[in-house]
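Hi,

Here is the structure I promised to pass on. Have a look at the ligand site first, then read my notes below.

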Amino acid sequence: MNVTRRTLLGSALVASFVLSSQVFAAPALVMGFSQVGAESEWRTANTLSIKEAAKSDGVTLKFADAQQKQENQVKAIRSFIAQKVDVIAFSPVVESGWETVLREARAAKIPVILTDRAVNVTDASLYATFIGSDFVEEGRRAGRWLLERARKTPNASVNIVELQGTVGSAPAIDRKLGFEQAIAANPKLKIIRSQTGDFTRAKGKEVMEAFLKSQGKNINVLYAHNDDMAIGAIQAIEEAGLKPGVDIIVVSIDGVKGAFEAMIAGKLNVTVECNPLLGKQLMQVARDVVAGKTVPKRIVTEEGVFPAEVAAKEFPNRKY
Ligand code: GYE
């Protein structure tokens, strides 16, 4: 066989292989994902994890950023239904108000997976599964750390200000509840002010400024529902001439790099971990759900607690 003939034969073989693989290969899974927004370091890491996992798993991802608005998420879900995606995943900004659009997805026979945040629906069959953290436990962990710390000064009253996450969101509701449950063990621990900072640095700073204006030196502890609000508040505390981490104990949740930096600088006392790297698990579960396999209704992420004392040692291991 001469060289030309061999090449021709080779390309014919390649061509027929390409053709047949186009005919027989399973079409790529198409996922519509409605993200909450880009409000925090946690969210940035979460988005990246989902996009990277989709890419490496060969999932075609239609990604929509809702800018913290439920109406945008409803619109995105409706457009995914219209586009006949294989599966819809979303992280619901707030817990309530999802029944109608979830029923629309069901009527179109498109399975729905919740990631990160839960919904409050009476009919749990409206979604296939929920992958994410136990936010009540995170709140309890924050509260337990504080209880332990308060044992050093058993007679002192401990005045706490609380920066809540987005009003009506699962993490804000649950982290408040869990923390209150834990600190109830010691009546000296009291929440004297509580307001939302919408999970952002800018709002966290603004609300902390207001707390400092009205309560001043009365504040012993700040409990923030996420690291970003804590970091914003730390700035407000410094601008008020106080030392965060010393004059005001700062407790927060997420465990992002910015929190570890603040702990190493002595400005944050503890962060409770909340893992945003849900992408891999989501793609796996999505394949199973679309293939009709039974999946667990609740998939809980594993997490730890990092006090400032271990921050420098742990920092190099952090992935977000
Ligand atoms: O803690 C916060 C983000 O839903 C767990 O949302 C997530 C929370 C996270 O904005 O930083």
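N226 puts a polar side-chain atom 2.8 Å from an oxygen atom of the ligand, counting N or O pairs within 3.5 Å as polar contacts. R175 does likewise at 2.8 Å, and for S40 the distance to a ligand oxygen is 3.1 Å. On its own the ligand exposes 300 Å², and the protein buries 100% of that (Shrake-Rupley areas, 1.4 Å probe).

Bear in mind that this is a predicted model, with local features needing pLDDT of at least 70 and side-chain atom pairs pLDDT 80 or more, while totals for chains, interfaces and linings use all residues. Numbering runs from 1 along each chain as its sequence is written, and side-chain values use heavy atoms, leaving out hydrogens and water.

As for the surroundings, 13 residues surround the ligand, using a heavy-atom cut-off of 4 Å. The closest are E39, D116, R117, R175 and D254. By class, the shell has 5 nonpolar, 2 polar (Gly would go here) and 6 charged (Asp, Glu, Lys, Arg) residues. Helices α2 (41-56) and α6 (170-183) each give the shell at least two residues (DSSP runs of H or I, at least four residues). Domain 1 (30-133 + 276-302) and domain 2 (135-274) each contribute at least three, with bounds from an automatic or database assignment.

Cheers

Definitions and conventions:
Polar contact = N/O pair within 3.5 Å; in protein donor to acceptor, adjacent residues only side chain to side chain.
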